[in-house]
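Q: Can you walk me through how to read the features of a protein model, one at a time? I'd like the general idea, and then the case in this structure.

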Amino acid sequence: MSNNSFAARPGAVGTPPEHYGNPFGEQRALVEGRSIVELADRAVITITGPDRLTWLDSLTTQSLKGLQPGESAETLLLNPNGRVEHAMRLVDDGETVWLLVDGSQREALAAWFDRMRFMLRVEIADRSDDFMTIGSFGTSLELPVAVSRDTALDWHDPWATVTRGGHQYSTTDAHPAATWNYRESLVAADADLSGFAAAGSLAVDALRIAAWRPGYSSEVDDRTIPHELDWMRSAVHLNKGCYRGQETVAKVHNLGHPPRRLVMLHLDGSEGALPEPGAEVKLGEKTVGSVTASARHFELGPIALAVIKRGVNAAETLAVASDIGEIAAAQEVIVPPDAGAEANVPRLPRLGAVTRG
């Protein structure tokens, strides 16, 4: 095994490792900036050329025309009906934009971009085999981050605050992401990381769930619109120019309500079970949603993210299916049931419509 093999480290469980024998300790070390996590499920796509940012701006949800070298951003590619097809983390170096994406998107996204180039001055490349993607918190660890055109290929997650042009549906006074200082770094595939303490994938997932941070591979299905996950907080610019799916984004935000909403569940831990992704969430006998991710958090205990029907009363205790039977689950509201309808515009008669006396 090479120095890069996290699976060869003492105590490693799983490939890539889920943990190294102490999941709670790994969460603490990771969030305190004392360890790193191998993100083996990531891919890297580059777009090079003078039209790259204006082109991406015209296709996706974020305002990217003015992205500066080294600046981080997040954007979504929607289908014409406003549903999420792809999610991208971006860093630009002044000549090339580096897209850090979930590995499940690798081939489909690169192929879609290639088809959409037309006569524009852009070139698409898959650079996944050249780099490892490493997750960490803070900036105290001096990782051997790859550099392109004097720009460190470090993506700093914008989830900690509402980005310019974005919108937050959560109404909590103390958002759990307020101290979220997560980053993803590209490191050469042959770099030696043996001197850095490692945490497993369970640790970063537990911290993500506690911060209400949506992810493409976990929270997105074929019906997802950004509003349902409060993803307009970091990935959608509401005042930029046109892009595919924009009409749905604007209509739901200004006049309607998202049909579903993301919620964090505090699970009854007395039986020691965790629900699997896809587990049914029920209110009485009625299925009202499904779990997207679950974890045991070092402070909060067993928690989960779930996408449920918008109209479910936020005060109701729900039940989640598991291998040992149903687990009681208390809701912590992320997207409120009344999210949307921000414009509060009265409906006007259609032009030429008959008004009945």
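A: The H labels mark helices (H or I, at least four residues) and E labels mark strands (E, at least two), both being DSSP runs numbered from the N terminus. This is a predicted model, where local features need pLDDT of at least 70, side-chain atom pairs count only at pLDDT 80 or more, and totals for chains, interfaces and linings use all residues. Residues are numbered from 1 along each chain as its sequence is written, and side-chain values use heavy atoms, with hydrogens and water left out.

Q: Is Asp230 buried or exposed?

A: Here's the idea: buried means under 20% relative accessible area, exposed means over 50%, and partly exposed is in between (1.4 Å probe, protein chains only). Asp230 has a relative accessible area of 1%, so it is buried.

Q: What is the phi of Asp230?

A: In general, most residues other than glycine have a negative phi, and most peptide bonds are trans. Asp230 has a positive phi, near 55 degrees, and is not a glycine. Trp212 is another non-glycine residue with a positive phi, about 60 degrees. You'll find Trp212 in the loop between H4 and H5, and it is buried because its relative accessible area is 2%.

Q: Where is there a cis peptide bond?

A: Look at Thr15 and Pro16: a cis bond joins them, with omega about -5 degrees. Pro16 belongs to the segment before helix H1 (23-31).

Q: Which residues does Glu228 contact, leaving aside neighbours within four places in sequence?

A: Contact means heavy atoms within 4.5 Å. Glu228 touches Arg223, Pro258, Pro259, Arg260, Arg261, Leu262 and Val335. Glu228 lies in the loop between helix H5 (216-219) and helix H6 (246-254), and its 1% relative accessibility is why it counts as buried.

Q: Which residues of the largest nonpolar core touch the most other members?

A: A nonpolar core is a set of buried Ala, Val, Leu, Ile, Met, Phe, Trp, Tyr and Cys residues joined through side-chain atoms within 4.5 Å. The largest has 28 residues, and Leu76, Val84, Ile209, Trp231, Leu262, Met264 and Ile334 touch the most other members. Elements giving two or more residues to this core include strand E3 (72-78), strand E4 (84-92) and helix H4 (201-210). Apart from this core lies another, of 24 residues, among them Leu100, Phe131, Val204 and Ala211.

Q: Which residues are buried in helix H3?

A: Helix H3 covers residues 106-115, and Leu109, Ala110, Trp112 and Phe113 are buried there. The face of H3 turned away from its buried side carries the exposed residues Glu107 and Arg115.

Q: How many salt bridges are there?

A: Count a salt bridge when a side-chain nitrogen of Lys or Arg is within 4 Å of a carboxyl oxygen of Asp or Glu. The count comes to 25. One of them joins Arg127 and Asp130, at 2.6 Å from N to O. Arg127 counts as partly exposed because its relative accessibility is 29%, and Asp130 does so because its value is 36%. Shared partners also join Asp41, Arg42, Arg89, Asp102 and Glu184 into one salt-bridge network.

Q: How many aromatic pairs are there?

A: A pair of aromatic rings is described by the distance of the centres and the angle of the planes. Rings of Phe, Tyr and Trp (its six-membered ring) pair if their centres lie within 6.5 Å; planes under 30 degrees apart count as stacked, over 60 as edge-to-face and the rest as tilted. The whole structure has six such pairs. Trp98 and Phe131 form an edge-to-face pair, 5.5 Å centre to centre with 85 degrees between the planes. Trp98 is in strand E5 and Phe131 in strand E7 (residues 131-137), 33 residues apart. Both Trp98 and Phe131 are buried. Phe137 and Tyr182 make a tilted pair, at 5.2 Å and 55 degrees.
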